Amino acid sequence: MNCLEKKLQAVEDWSAQTNLYELHEVAAGVYVYALKNTADNSEPAHYLCATCFNNKKKSILQRKGKGMGGTYYICNECKAEINDHSNREIPPKQNPGTGGDEHGWMGS
Ligand SMILES: [Zn+2]
């Protein structure tokens, strides 16, 4: 196999890979590539880093944890952090029923 054929092979492999994934909006304005839900794939559902995907790299996003801001994923390839803020927790109110800012200095 010569050099050009190898290159063509790589391109074909990549386009075969891209067919398995589709752009997915995990939260408003936050995009990843997600494995398509087809009967003939045996891999568990996962997300790919969109930045790496566009650079023809297949980098699976790893779940980092969940915080107040939602679920965080990290790309170990480009160190991008993805924040799925669609499931963020609403912080409990500190002083319910105080009616907002009680130091109302602006009103005097
Ligand atoms: Zn990445």
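Visitor: In what sense do strand E2 and E3 pair, and over how many bridges?
Guide: Keeping in mind that this is a predicted model, strand E2, which covers residues 30–35, pairs with E3 in the antiparallel sense over 2 bridges.

Visitor: And which residue is the bridge partner of alanine 34 in E3?
Guide: That is tyrosine 47, which is the partner of alanine 34 on the E3 side.

Visitor: What about E1 and E2, how many bridges join them?
Guide: E1 and E2 also run antiparallel, and they are joined by 6 bridges. Among the facing residues, leucine 23 has tyrosine 33 of E2 as its bridge partner, and tyrosine 21 stands opposite leucine 35 in E2.

Visitor: What happens in the hairpin of E1 and E2, between the strands?
Guide: There are 2 residues between the strands of that hairpin, and glycine 29 takes a positive phi there, near 80°.

Visitor: In what order do the strands of that sheet come?
Guide: The order is E1-E2-E3, in an open sheet of 3 strands with antiparallel pairing. Strand E1 (21–27) and strand E3 (47–48) are at the edges with a single partner strand each, and therefore one side of each has no neighbour in the sheet.

Visitor: Can we look at one residue in E1? Is glutamate 22 buried or exposed?
Guide: Glutamate 22, which is found in strand E1, counts as exposed, because it has 11 C-beta neighbours inside 10 Å and the cut-off for exposed is 12 or fewer.

Visitor: What is glutamate 22 in contact with, leaving aside its neighbours within four places in sequence?
Guide: With those set aside, glutamate 22 is in contact with Tyr33, Ala34 and Lys36. As for alanine 34, its C-alpha atom is separated by 5.5 Å from that of glutamate 22, although the two residues are 12 residues apart along the chain.

Visitor: Which residues make up the largest nonpolar core?
Guide: That core has 12 residues in all, and tyrosine 33 is one of them; the others are Val26, Val32, Tyr47, Leu48, Cys49, Ala50, Phe53, Leu61, Tyr73, Cys75 and Ile82. At least two residues of this core come from each of E2, E3 and H2.

Visitor: Let me zoom out. How many helices and strands are in the chain?
Guide: The chain has 2 helices and 6 strands, and from the N terminus on its elements run α-β-β-β-α-β-β-β. Buried residues make up 11% of its 108 residues.

Visitor: Over how many bridges do E4 and E5 pair?
Guide: E4 and E5 pair over 5 bridges, in the antiparallel sense, and glycine 65 has tyrosine 72 of E5 as its bridge partner.

Visitor: One last topic: where does lysine 56 lie, and what is its phi?
Guide: Lysine 56 lies in the loop between helix H2 (50–54) and strand E4 (62–67), and its phi is near 60°, a positive value in a residue other than glycine. Lysine 56 is partly exposed, with 13 other C-beta atoms within 10 Å.

Visitor: And lysine 79, is it buried or exposed?
Guide: Lysine 79 counts as exposed, with 8 C-beta neighbours inside 10 Å. Lysine 79 lies in the loop between strand E5 (70–74) and strand E6 (81–84), and although it is not a glycine, it has a positive phi of about 65°.

Notes
Residues are numbered from 1 along each chain as its sequence is written. This is a predicted model: local features need pLDDT of at least 70, side-chain atom pairs count only at pLDDT 80 or more; totals for chains, interfaces and linings use all residues. Two strands pair if DSSP finds at least two bridges between them. Helices (H or I, at least four residues) and strands (E, at least two) are DSSP runs, numbered from the N terminus. A residue is buried if 20 or more other C-beta atoms lie within 10 Å of its own, exposed if 12 or fewer, and partly exposed in between; C-beta atoms are placed from the backbone. A nonpolar core is a set of buried Ala, Val, Leu, Ile, Met, Phe, Trp, Tyr and Cys residues joined through C-beta atoms within 7 Å. Two residues are in contact if their C-beta atoms, placed from the backbone, lie within 7 Å.
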